[in-house]
Amino acid sequence: MGTANAASNMTVTYKDDVSTLDPAIGYDWQNWSMIKSLFDSLLDYKPGTTELTPDLAESYTISDDGLIYTFNLRKGVKFHNGRTMTAADVKYSLDRVTNPKTQSPGAGFFASVKGFDDASSGSGSLSGVSVVDDYTVQIELSRPDATFLHVVAINFASVVPREAVEKWGEDFGKHPVGTGAFYLDEWTLGQRLVFKKNQNYYHAGIPKLDQITFEVGQEPIVALLRLQNGEVDIAGDGIPPAKFLEVKNDPKYAGAIVEGSQLHTGYIALNVKMKPFDNLKVRQAVNMAINKDRIVRIINGRAVSANQPLPPLMPGYDPDYKGLSYNPDAAKKLLAEAGFGDGFETELYVANTDPQPRIAQAIQQDLAAIGIKAGIKSLAQGNVIAAGGEVDQAPMIWSGGMAWIADFPDPSNFYGPILGCGGAVPGGWNWSWYCNESIEKRAIAADSMTDPADAEKRMAAWRSIFTDIQDEAPWVPIFNEQRFTMRSDRLDGPDGIFVDPVHIPVHYDQVFIKEGQ
Amino acid sequence: MTTYICRRVFEALLILIGITFVTYVLLYLVPADPVRQIAGRSATAETVENIRRQLGLHLPFYEQYWNYLSALVQGNFGRSYIQKTEVVELIRSRLPASLLLMVGAIAAELILGLTMGVISAVRRNSATDQVLMVVSFIGVSAPQFVVGILLLYVFAVLLGWFPIGGYGTFSHLVLPALTLGFLGAGWYSRMMRSSMLNVLEQDFIRTARAKGLSKARVILRHAVPNALLPIIAMIGIDIGIFMSGIVVVESVFGWPGIGQLAWQAIQRVDIPIIMGVTLVAACSIVLGNLVADIVALFVDPRIKLR
Amino acid sequence: MNILRELLARKLGLFGLMTVSFTVVVAILAPWITPYAPDLQLFEGLTLQGAPLPPNSQFWLGTDLLGRDVLSRLIYGAQTSLIIGVAANGVAVLIGSVLGVTAGMLRGIVGAVLMRFTDLMMAFPALLLAIVLAAIFKPSLWIVALVIAMVNWVQVARVIYSETVSLAERDFIDAERGLGASRSRILIRHITPHLVPSIIVFGTLGISTTVLLEATLSYLGIGVQPPIPSWGNIIFENQTYFASAPWLVFFPGFAIVSLALGFNLMGDALREILDPTMKGRH
């Protein structure tokens with residue numbers, strides 16, 4: 001184990017400044033894994049996998065009706081400020097994240113907890129969470145929720161100490177105090193963050209590093225050159241497109257680049273409430289018009305082409321589903337059958353950050369080949385999201401750069417907000433405005449199968465839900481992004497932690513420095 | 001004089017208030033909902049409404065603006081919607097980098113521009129003069145992102161003399177400062193040339209030459225200082241051009257200044273940050289113009305007191 | 001024709017005129033002289049791994065990241081730059097002149113309000129203003145032109161205003177007024193003709209500013225919408241590759257600088273010929 005090294009330090013770079021380290025607020029690429037290293041939740045995932053494992057909770061039980069979860073907490077866990085964590089802290093943390101005053105973007109994940117509606121309207125508190133004794137927490141749900149164990153593992157469910165939150169108020173995100181493997185030692189806005197090893201961490205031998213230095217404000221290309229020079233250990237933003245082929249084809253870096261799948265699908269949302277996409281044949285034609293392999297080539301093969309909403313890494317993915325394959329002639333025929341033999345004009349919305357407008361242009365050319373003239377609206381991300389949230393604004397949206405990746409590894413997460421009826425509301429994220437009552441019922445039924453013995457049955461249910469949705473073609477699934485992380489020679493650890501599907505982008509707790517470096 | 005300065009300061013204040021108003025109107029019109037960005041994709045309609053109320057974004061426009069202005073008068077720029085950090089703190093952490101970049105750019109444009117201008121004037125109508133004129137025209141014709149990327153390619157990628165980007169040491173500063181100052185250099189070289197030509201024709205220069213002083217000595221000791229005065233007044237005006245330039249230059253070089261802060265905030269509809277940066281930028285522009293006018297007053301007392 | 005003759009006599013002015021004329025001719029002839037359609041994504045335009053091709057015998061200036069011919073995109077990009085340059089600057093000069101003359105003729109409260117508003121817009125960081133305006137409207141070619149016009153009229157208004165004021169104070173205008181000439185007669189017969197030189201100079205010099213601003217907006221990804229080629233968005237789309245595919249930045253960069261230089265040299269020569277007392281720095 002590399003922990004024997006005196007003062008082992010790793011340097012990680014990012015372009016953008018870290019926005020916040022408050023686990024109730026942080027929801028972006030850089031701070032996701034940082035927060036996971038500073039804080040802990042009741043459950044976590046085994047490093048490099050999507051498999052749940054106990055963390056702050058040593059064990060748990062679920063009542064037969066699936067409504068009451070009882071968590072037995074680990075004893076002797078200390079916050080960075082030295083105080084012992086107890087069940088009251090868990091309750092406080094869940095109350096806090098669902099309190100509208102906190103303005104947490106993750107509050108909605110707790111919607112199945114009893115009392116959520118009162119809490120989110122500000123008229124009451126999260127009554128479902130109760131402290132049984134110092135080391136036992138009981139959470140009562142208002143409806144069965146098979147994803148609930150994932151919910152208590154998500155960053156937003158991190159346990160925070162009340163006194164520190166009240167001391168710093170809205171600045172808690174700059175002065176985070178948790179129970180995690182590291183604590184924040186220094187933060188110079190816009191320049192550097194230093195994480196130091198938590199000597200009292202309850203997992204033996206973790207973390208393996210003494211210190212992590214995050215340098216921010218570094219262009220990805222600069223970061224990569226510095227990595228090649230040995231000044232940096234991990235370029236947090238990944239390998240920039242311009243350097244990708246160069247380092248990928250260079251045998252010198254063969255061992256340094258780790259490739260991994262992500263819980264990500266890049267798709268075109270077709271607005272089923274807008275003409276002519278209200279016509280199934282038109283949507284199918286669009287699905288068959290796009291040459292996905294060419295788009296994958298345009299992004300240098302950093303993805304695999306997709307044919308259904310779920311990514312292959314996600315439980316419930318159907319490897320046998322054929323979907324609609326590329327066939328422009330059949331697409332043209334379908335268009336003609338739908339009464340658009342001469343094509344039509346429409347608009348494709350896209351976020352204006354590279355490479356999204358480029359991908360949109362490739363889509364545009366493929367559509368033109370079957371007679372669809374799609375004008376590109378390349379706008380700031382906020383404007384695209386706003387247009388997608390209106391029923392009559394955006395006929396087509398390319399999701400790249402906005403739909404990010406799944407919040408947790410469960411197929412349910414790919415339905416509710418982005419394909420379910422709940423998201424098909426003004427301001428929602430279901431940009432295709434697809435809302436199918438019978439599918440909605442099946443989804444609710446699937447998420448009510450809380451007995452672990454039903455897990456297989458539940459996955460089968462979700463599998464057919466997603467393939468049935470895809471048969472109605474509200475989306476054109478284009479590709480599933482692959483992640484490539486380049487690490488310096490000094491770093492070691494199983495490959496999986498460098499492309500961890502949950503601790504994104506890297507599982508900082510598990511990395512170590514090679515002997516003798 | 002004092003009354004003139006007082007009146008100008010008062011006018012400047014009015015202009016700044018006007019700018020807060022215009023910016024607020026424009027941001028109000030941007031068709032993107034900041035609350036949706038804060039609330040995330042799993043938020044219920046109720047959560048969204050709640051956040052909207054807390055931020056006061058459900059109020060009619062004039063009330064929102066009034067609240068903003070009243071807070072501003074008390075020195076409160078508000079908190080970033082997304083990061084929840086005080087805008088003042090964000091700006092304070094990034095302003096030094098932008099100021100450093102501007103100081104570097106002023107140094108670059110003066111050194112380049114004045115040297116070129118003096119040489120042109122002394123070698124009037126020679127081939128050197130012509131070439132320098134064309135160079136100065138290229139300076140005002142080249143967009144900063146092109147200059148920046150070219151300098152990066154030649155001096156950082158090909159030659160490796162300077163780092164490819166980043167912040168911290170003097171060598172990090174050189175290329176961004178040159179990029180930002182390149183436009184001004186073109187402008188100053190032409191101003192310096194004509195200003196020098198004026199001075200060189202004046203009597204005291206002829207007298208000095210007649211006294212047998214060397215040409216170089218006359219130029220450096222007498223002509224340059226006199227030609228310099230009107231140019232100094234122009235530096236204040238440069239601030240406005242720099243304030244536009246830093247958005248681009250900081251993004252090309254990954255410089256951690258307020259330009260990048262503003263650009264990221266615009267992408268995410270983080271209105272308090274956009275307002276804050278616009279205001280800081282406008283303040284420096286107004287201040288720069290004011291200083292320029294006052295300096296010009298001392299340099300050339302013939303300027304009418306409007 | 002005197003002006004043209006004088007322009008031809010000045011080396012730099014002539015060079016500017018030639019650069020501009022060349023760009024105009026190329027832009028007009030674009031459909032006939034481009035080897036490929038500007039938005040055609042060619043299969044053979046990319047390597048199998050998806051990298052762009054450097055200049056070669058088939059693609060003289062190489063290909064971009066979508067496998068399109070850079071030369072064809074550059075030629076069509078000239079259309080974009082010129083259309084926006086002329087339209088946006090035309091609107092800016094129009095707004096600026098009308099406001100400037102109005103404020104200068106009327107003075108009083110109307111004039112003061114107009115000029116204070118102009119001062120206010122002067123203090124706005126121009127690029128930030130353009131970025132926010134571009135976020136309000138869904139961008140298209142004409143919206144970009146309008147946004148640029150809304151940023152660029154300020155300088156024109158200031159100069160035209162001060163010229164109008166100084167003209168209005170001259171003796172011969174006073175004499176006319178004494179003879180009972182109406183305000184509109186004075187405006188049309190005496191003020192406007194004297195403003196023409198300034199307007200011509202702004203009309204030329206300003207195009208260079210406009211071309212640069214359009215390029216910058218497109219470079220930031222908020223200008224002309226793809227796949228319409230603009231010299232700025234060619235660089236925007238390909239800039240991350242500048243170290244490994246520099247031709248994708250050099251050629252459009254060179255085009256922008258040449259056209260802006262052309263208009264600058266032409267405008268500067270016109271200014272010397274017409275000699276309006278311009279204080280604006282462009």
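How many residue pairs are in polar contact between chain C and chain B, counting pairs with both residues at pLDDT 80 or more? The count is 5 residue pairs, a polar contact being a pair of N or O atoms within 3.5 Å, where within protein one must be able to donate a hydrogen and the other to accept it, and residues adjacent in sequence count only if both atoms are side-chain atoms.

The model is predicted, with pLDDT of at least 70 required for local features and 80 or more for side-chain atom pairs, whereas totals for chains, interfaces and linings use all residues. Residues are numbered from 1 along each chain as its sequence is written, chains are lettered from A and ligands numbered from 1 in the order in which they are written, and side-chain values use heavy atoms, with hydrogens and water left out.

**View 1. The interface of chain C and chain B**. Contact (heavy atoms within 4.5 Å) involves 44 residues from chain C and 45 residues from chain B. About 4,000 Å² is buried between the two chains, with carbon and sulfur atoms giving 79%; buried area is the accessible area (1.4 Å probe) that two parts lose on being put together, summed over both. The rule finds 1 salt bridge across this interface, a salt bridge being a side-chain nitrogen of Lys or Arg within 4 Å of a carboxyl oxygen of Asp or Glu. B:Arg190 and C:Asp268 form a salt bridge, their closest N and O atoms lying 2.9 Å apart. Several helices of chain C each supply at least two residues of the side that touches chain B, among them helix 2 (11-33), helix 8 (183-219) and helix 10 (247-274). Helix 10 of chain C gives the largest share of that side, 11 residues. The side of chain C that touches chain B divides into 31 nonpolar, 7 polar and 6 charged residues; Ala, Val, Leu, Ile, Met, Phe, Trp, Tyr, Cys and Pro count as nonpolar, Asp, Glu, Lys and Arg as charged, and the others, Gly among them, as polar.

**View 2. The interface of chain C and chain A**. Here 27 residues of chain C are in contact with 24 residues of chain A. The two chains bury about 2,400 Å² between them, 48% of it on carbon and sulfur atoms. C:Gln41, C:Gln49 and C:Lys138 supply 24% of the area that chain C buries against chain A, more than any other three residues. The side of chain C that touches chain A has 14 nonpolar, 8 polar and 5 charged residues.

**View 3. Domain 2 and domain 3 of chain A**. An automatic or database domain assignment places domain 2 of chain A at 40-162 and domain 3 at 264-481. Their centres, taken over C-alpha atoms, are separated by 33 Å. Between them the two domains bury about 990 Å², 71% of it on carbon and sulfur atoms. The count is 1 residue pair in polar contact (both at pLDDT 80 or more).

**View 4. The surroundings of A:Asn198**. A:Asn198 counts as buried because its relative accessibility is 8%, buried meaning under 20% relative accessible area (1.4 Å probe, protein chains only). A polar atom of the A:Asn198 side chain lies 2.7 Å from the backbone oxygen of A:Gly180. The backbone nitrogen of A:Asn200 lies 3.0 Å from a polar atom of the A:Asn198 side chain. Not counting residues up to four places away in sequence, A:Asn198 touches several residues, including A:His80, A:Phe182 and A:Pro207.

Notes: Buried means under 20% relative accessible area, exposed over 50%, partly exposed in between (1.4 Å probe, protein chains only). Helices (H or I, at least four residues) and strands (E, at least two) are DSSP runs, numbered from the N terminus.
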